[in-house]
Amino acid sequence: MTATAPIKQDRAAEQTRPRRRLPAWFGPWEIALLGLVIIALVYGSLSSPFFATGPNFAITTTGAMSLALMVVPMTMLMIAGEIDLSVASVFGLAGVVFGMTLNAGVPLVLALLIGLVLGALAGFVNGWLTTRFGLPSLVVTIGTLGLYRGIAYILLENRSISSIPDGWASFAQNAVPGTYIPYALILFAVIAALAALILHRGAFGRRIFAVGSSPTVSRYSGIRVVAMKRSLFALSGAIAALAGMLYSGYVASARADNGTGLELATIAIVLIGGVSMFGGRGSFVGVILALILVTALTSLMNLAFVPTNIQNTVVGLLMIGAVVVPAIVTRVRLRAGRPSKS
Amino acid sequence: MSAETAQAARPAAPRASIMRRALARRETSLLAVLILLVIVFSLLTPRFATLGNAAQILNSMAITVIVGIGLAMVLMTRNIDVSVGSMVGLTAYFAADFSARNPQVPLILVILGSCLLGLILGSINGVIVATLRVPSIMVTLGTLYIYRGVDSMLAGSRQVTANSLPPGFGEIASFSLLGVPALVVYAAVIAIAAHVFTRHSYSGRSLLAIGSAPAAAEKLGIPARRWVFLTFAVSGLLCGFAGVLWGARYGTVDSSVASGYELTVLAAVVVGGVSVNGGNGSILGVLIGAAILSVISTGLALVNVSQFWLQAIQGAVIVTAIVVDALIRRRSEARGMRS
């Protein structure tokens with residue numbers, strides 16, 4: 001009895017205190033990420049004279065765009081409580097098909113359309129298998145990860161297609177003339193802004209969160225869960241395909257092994273961004289901040305000639321930090337007798 | 001304490017036997033798939049149904065079985081360990097590099113050292129997951145990168161080759177016991193031990209209990225966190241052993257050994273009917289799952305299918321296996337409801 005009294009007082013004090021609540025899309029997690037981004041940028045500018053320069057910005061963001069694009073639909077999918085491990089395989093497959101259709105003399109715009117439709121179809125198959133048979137998407141997309149990558153190998157074996165039209169290659173590689181803003185960054189910004197609006201400002205976005213928190217309740221309240229999940233998977237496939245085609249323009253070559261392993265990097269960024277593995281929680285702002293953080297750190301380490309595998313260690317440490325720190329904070333709060341808010 | 005919980009668990013026995021029967025049915029259907037594949041390949045080529053090829057198939061699935069058993073136990077508790085590829089890679093480099101530098105050290109110590117390193121790596125996963133109760137996919141996805149990074153720091157761009165290894169090192173994987181290849185012997189011993197543990201001991205059964213109903217398991221007094229920790233530790237230990245075997249079998253070890261291997265192992269385990277949602281699965285299933293994948297890859301190579309077709313066919317098999325599995329489960333659940 002004596003133990004409960006101070007807690008009550010504490011709660012009362014909290015209620016009376018005039019305190020503006022933080023918006024759902026900008027909570028403590030986003031603030032912490034923003035802090036880390038600022039630290040990384042300041043440290044980078046101080047440690048290397050090349051870090052805070054226009055050319056470095058252009059090079060770094062151009063290189064990061066194919067990964068960044070895949071992060072967008074993965075965020076929505078994971079908030080809805082699903083996951084897509086096949087994105088990097090769709091990425092590779094779309095690049096291969098894109099290259100082959102271009103080789104066959106198909107005009108660029110049509111080739112891009114074919115790639116997008118193919119990606120959407122591949123994603124829809126994931127969604128269909130998941131919802132039709134009630135399977136965990138983790139397992140389904142491990143299967144299609146092999147299947148889609150395998151089809152890419154069947155089509156192109158170990159050859160590569162380097163006859164990517166100059167127009168597309170320069171779109172993927174260059175910045176807008178006179179600036180350091182890559183074309184690809186503009187493409188990403190448009191897609192990301194649309195996704196953020198849908199997720200945090202529209203009815204559809206609210207439903208995505210609802211489905212992620214409780215699919216059963218959502219179904220009973222009239223949300224078409226199956227249709228939503230299928231369309232999110234299709235979107236994930238289409239954007240992965242777009243990223244794959246952009247990447248084959250960026251490296252000016254389409255190969256069956258393009259983007260191998262990128263699925264884990266994509267998921268890592270979404271998780272560092274504070275999206276819950278179990279769905280229903282997360283914000284687009286957090287994920288974008290995580291993307292900026294990882295990209296800035298990558299650039300920093302590139303300037304210091306750190307090998308890629310060791311760079312990935314940093315991503316790994318960030319991921320562990322992303323789960324361990326909140327868990328410890330919750331613990332400490334509980335021990336201090338204050339219920340955690342989340 | 002344990003007698004008390006055993007008594008408390010008794011009323012749940014009839015349910016367990018239904019589950020056991022369902023499991024038996026699962027493995028029967030998987031076995032049917034395996035036999036069908038063997039028949040198809042035997043008809044396609046006379047080179048398939050030979051003793052030498054059987055040994056080849058068993059040999060090529062052995063390491064996947066060893067790692068898969070650890071992963072299966074983790075999955076049973078409704079957790080996942082995606083760092084297995086990195087743990088195999090790191091321990092493989094550690095063991096091979098150490099043995100090449102210190103050829104005078106007895107190989108049994110090298111094997112034990114590699115197992116110990118694996119145990120430590122797995123325990124790190126286990127401690128974080130069990131004490132902080134955080135999603136294991138995040139923790140092990142993190143350590144996947146970290147362990148691979150440590151591997152790269154150790155190895156740099158160096159490579160340990162078979163020539164630089166002491167002569168006995170390859171023997172670890174290449175000797176044969178009464179005509180049975182070494183790798184098969186190891187895998188069989190580990191599989192039997194794991195089968196007896198998970199199927200016939202109270203502790204082993206509690207892994208499935210934790211995975212199928214964590215809250216109920218806790219009320220029964222099952223120390224869930226201890227078991228979750230231990231399954232991760234065992235997964236690491238088995239990866240450590242598999243690392244030595246990898247080095248011994250292939251001879252060449254660099255920092256990229258077994259990268260992406262987690263997906264191969266996960267595929268074998270999932271095809272073998274171990275549920276990623278916990279509470280379901282068996283060691284026998286893991287063996288059959290690994291065998292199905294191994295038969296497919298060996299068989300396709302023998303019927304001269306281009307190596308580029310392999311991955312797509314494997315992917316298609318995984319998708320088919322899980323869909324068939326879901327259909328069977330749905331039917332048996334419907335039947336269970338009616339009765």
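**Notes on a two-chain predicted model**

1. Helices here are DSSP runs of H or I with at least four residues, strands are E runs of at least two, and both are numbered from the N terminus. This is a predicted model, in which local features need pLDDT of at least 70, side-chain atom pairs count only at pLDDT 80 or more, and totals for chains, interfaces and linings use all residues. Residues are numbered from 1 along each chain as its sequence is written, with chains lettered from A and ligands numbered from 1 in the order in which they are written.

2. Is α12(A) enclosed or open? Of its 11 residues (262-272), 10 are buried, so this helix is largely enclosed by the rest of the structure. A residue is buried if 20 or more other C-beta atoms lie within 10 Å of its own, exposed if 12 or fewer, and partly exposed in between, with C-beta atoms placed from the backbone. Among the buried ones are A:Leu262, A:Glu263 and A:Ile272. Their cover includes α3, α4, α6, α13 and α14 of chain A, together with α6 of chain B.

3. Do look at the confidence of chain A. Its mean pLDDT is 87, and 91% of its residues reach 70 or more; pLDDT is the predictor's confidence in each residue, from 0 to 100. Over residues 1-18 of chain A, however, the pLDDT is below 50, and this stretch has three contacts beyond near neighbours in sequence. Two residues are in contact if their C-beta atoms, placed from the backbone, lie within 7 Å.

4. Now for chain B, which has 14 helices and two strands. Of its 339 residues, 48% count as buried.

5. Residues making the contact include B:Met87 and B:Phe94 of α4(B) and B:Leu107 and B:Gly113 of α5(B).

6. Finally, the two chains meet through 39 residues from chain B and 40 residues from chain A. On the chain B side, α6(B) gives the largest share, 13 residues.
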